[in-house]
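Please consult the sequence and the structure shown here while reading it.

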Amino acid sequence: MTPTDHVALQARLQPDRPAAVDLASGRSWTYAELDDAIARAVRVLRQRGLGEGDRFATLARNRVLLAVLHLACARLGAMFVPLNWRLSPAEVASLVEDAAPALIVGDGFLAAAGLQGLDLDVLQAEIDAAEPEAAGPADRERPSLILYTSGTSGRPKGAMLSERNLDQTAINFGRLGKVTHESVFLVDAPMFHIIGLITSIRPVLMHGGTILVSDGFEPSRTLARLGDPKLGVTHYFCVPQMAAMLRAQPAFDASALKRLTAIFTGGAPHPASDIRAWLAQGIPVVDGYGMSEAGTVFGMPADPVLIDGRAGSAGLPMPAVFTRIVDDQDNDCPAGVPGELLLKGDNVFLGYWRRSDETARAFTADGWFRTGDIAVADAEGYHWLVDRKKDMFISGGENVYPAEIEAALADHPTILECAVVGVPDPQWGEVGHLVATCREGTALDLAEVLAHLESRLARYKLPKGLTLVSALPRTASGKILKTVLRERLTAERA
């Protein structure tokens with residue numbers, strides 16, 4: 001039988017090699033067992049009515065079963081839709097309405113979100129008892145994954161990714177991360193993000209290594225696992241804020257981490273001083289740049305000397321990733337001049353689910369994807385991300401869009417007008433700060449704002465500070481000058 005994917009191939013090349021371990025339950029799978037589990041999952045999902053083009057949603061903490069189900073969807077021709085359990089019930093309901101899944105499964109987060117769905121433990125038992133379904137030819141151009149990412153207006157939109165797209169991310173990260181059949185990845189980034197579901201899993205399975213799936217990031221527990229010689233972790237991917245929490249642990253011992261190829265970081269800016277602090281203790285920290293719509297784009301070499309020379313750089317593009325940096329007229333910028341980053345390549349997504357207009361706006365007439373990020377490249381091709389074209393900021397690796405928060409405050413009886421901006425924060429990288437004017441004769445405090453927002457938005461989106469002003473600064477045309485607000489607030493916090 002012809003293998004349909006990389007797990008099926010590895011099941012034939014090295015059937016008895018460890019493929020996956022679920023750290024919470026202790027259950028493990030060889031490649032032969034993992035391939036068999038995917039084939040059983042295909043049969044169960046088909047019996048439950050899932051077919052080509054259908055969406056299959058999950059709302060659950062990390063477990064190996066989520067990776068199995070995604071790969072089963074790819075073989076079946078369905079689309080896997082992992083939902084962010086950090087969102088409020090109203091936000092989750094909005095995503096479910098948009099995705100219109102044929103089936104929803106999950107753990108305790110289902111009830112917390114007020115959703116009716118199938119419990120993952122029940123589904124796991126069905127898969128274990130099922131007969132495997134023989135693999136057939138798979139269309140690698142079909143979308144197998146929808147990852148929801150907020151747009152500049154804060155309206156969620158689903159990035160559709162095909163197996164061809166995901167394979168290219170596996171290739172790209174595999175090259176920069178020195179991934180081999182001996183690699184062991186600890187996976188505790190949430191699997192509703194591309195870092196947890198794709199970047200930390202697909203390169204390993206492609207090369208025949210092992211994934212150790214954790215149900216979540218707990219700094220002391222994660223640090224102990226990274227240093228455990230029995231686990232033998234060689235690769236770990238996290239956002240910079242998670243890396244900083246690891247170094248801040250009382251039990252931190254750099255000598256216990258020497259088997260790591262590197263700690264890989266992305267999803268938010270990483271201060272050069274923090275990167276060099278890791279280097280000083282003998283641990284390479286490989287920063288990179290990627291996004292839901294394009295997977296792995298840039299990465300630094302896993303070489304301490306090269307990292308030290310350009311600490312803070314997002315690194316080099318992989319050979320199959322084509323990049324341009326352009327000005328407001330889409331003219332190419334010379335080296336050293338910042339502009340909007342455009343991308344093209346097999347890693348770039350197919351488009352936004354049910355958002356044809358937004359898909360069209362996201363690409364140039366000749367097919368380049370507009371990232372909305374401002375970048376600059378040096379003469380050797382190293383890239384730095386210097387700004388974001390819109391007002392979005394990143395808090396703890398999560399994209400936060402001020403327009404969404406401002407919209408949720410539009411009906412607050414005290415607020416006349418408001419603006420949210422991202423300001424630097426030592427723990428989360430950036431946090432939101434609300435600047436507001438009050439209606440005459442009223443007053444406002446942060447606790448009142450949070451009470452208004454807590455049932456509407458995820459906690460990481462809630463502003464961490466409040467400043468009341470008599471008027472917001474505006475341009476001559478009436479647009480709020482968020483750059484002025486950000487500068488003032490940053491200066492006050494310095």
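The model is predicted: local features need pLDDT of at least 70, side-chain atom pairs count only at pLDDT 80 or more, and totals for chains, interfaces and linings use all residues. Residues are numbered from 1 along each chain as its sequence is written, and side-chain values use heavy atoms, with hydrogens and water left out. Helices (H or I, at least four residues) and strands (E, at least two) are DSSP runs, numbered from the N terminus.

**Helix α17**

- Helix α17 comprises residues 482-493, which is 12 residues, and spans 16 Å from its first C-alpha to its last, close to the 16 Å expected at 1.5 Å a residue. The expected span is 1.5 Å times one less than the number of residues in the helix.
- Lys 482, Leu 485 and Leu 489 are the buried residues listed for α17; buried means under 20% relative accessible area, exposed over 50%, and partly exposed in between (1.4 Å probe, protein chains only).
- Viewed down the axis of α17, its buried residues fall within an arc of 60°, so they line one face of the helix. The arc is that of the directions from the helix axis to the C-beta atoms.
- An α-helix has 3.6 residues a turn, so residues three or four places apart point the same way.
- Glu 487 and Ala 491 are exposed, on the face of α17 turned away from its buried side.
- The cover over the buried residues of α17 includes α15 (402-408), β23 (415-425), β24 (429-438) and β25 (465-468). Contact means heavy atoms within 4.5 Å.

**Helix α12**

- In helix α12 (residues 272-280), the buried residues are Ile 275, Trp 278 and Leu 279.
- Seen down the axis of α12, the buried residues fall within an arc of 100°, so they line one face of this helix.
- Ser 273 and Ala 280 are exposed on the other side of α12.
- α11 (240-247), β12 (262-265), β13 (285-291) and α13 (304-309) pack against the buried residues of α12.
- Gly 282 follows α12 and has a positive phi, near 85°.

**Helix α7**

- Helix α7 (residues 163-176) has 14 residues and reaches 20 Å from its first C-alpha to its last, close to the 20 Å expected at 1.5 Å a residue.
- Of the 14 residues of α7, 11 are buried, so the helix is largely enclosed by the rest of the structure. Among them are Glu 163, Asp 167, Phe 173 and Leu 176.
- Lys 178 follows α7, and its phi is positive, near 55°.

**Packing of α2 with α6**

- The axes of helix α2 (residues 31-47) and helix α6 (residues 120-129) come within 8 Å and cross at roughly 110°. Axes are lines fitted to C-alpha atoms, for helices over the stretch in contact, and angles run from 0 to 180 degrees between N-to-C directions.
- From α2, Ala 37, Arg 40, Ala 41 and Val 44 meet Leu 123, Glu 126, Ile 127, Asp 128 and Ala 129 of α6.
- The residues of this contact divide into 6 nonpolar, no polar and 3 charged. Ala, Val, Leu, Ile, Met, Phe, Trp, Tyr, Cys and Pro count as nonpolar, Asp, Glu, Lys and Arg as charged, and the others, Gly among them, as polar.

**Strand residue Ile 325**

- Ile 325 lies in strand β16 (residues 322-326) and is buried, with a relative accessible area of 10%.
- The C-alpha atoms of Ile 325 and Leu 341 are separated by 4.7 Å, although the two are 16 residues apart along the chain.
- Beyond its neighbours within four places in sequence, Ile 325 is in contact with residues including Cys 333, Val 337, Leu 341, Val 376 and His 383.

**Loop residues**

- Most residues other than glycine have a negative phi, and most peptide bonds are trans.
- Ala 100, in the loop between α4 (89-99) and β5 (103-106), has a positive phi of about 50° although it is not a glycine. At 33% relative accessibility, Ala 100 counts as partly exposed.
- Arg 354, in the loop between β18 (351-352) and α14 (356-362), also has a positive phi, near 60°.
- Arg 259 is in the loop between α11 and β12 and counts as partly exposed at 33% relative accessibility.
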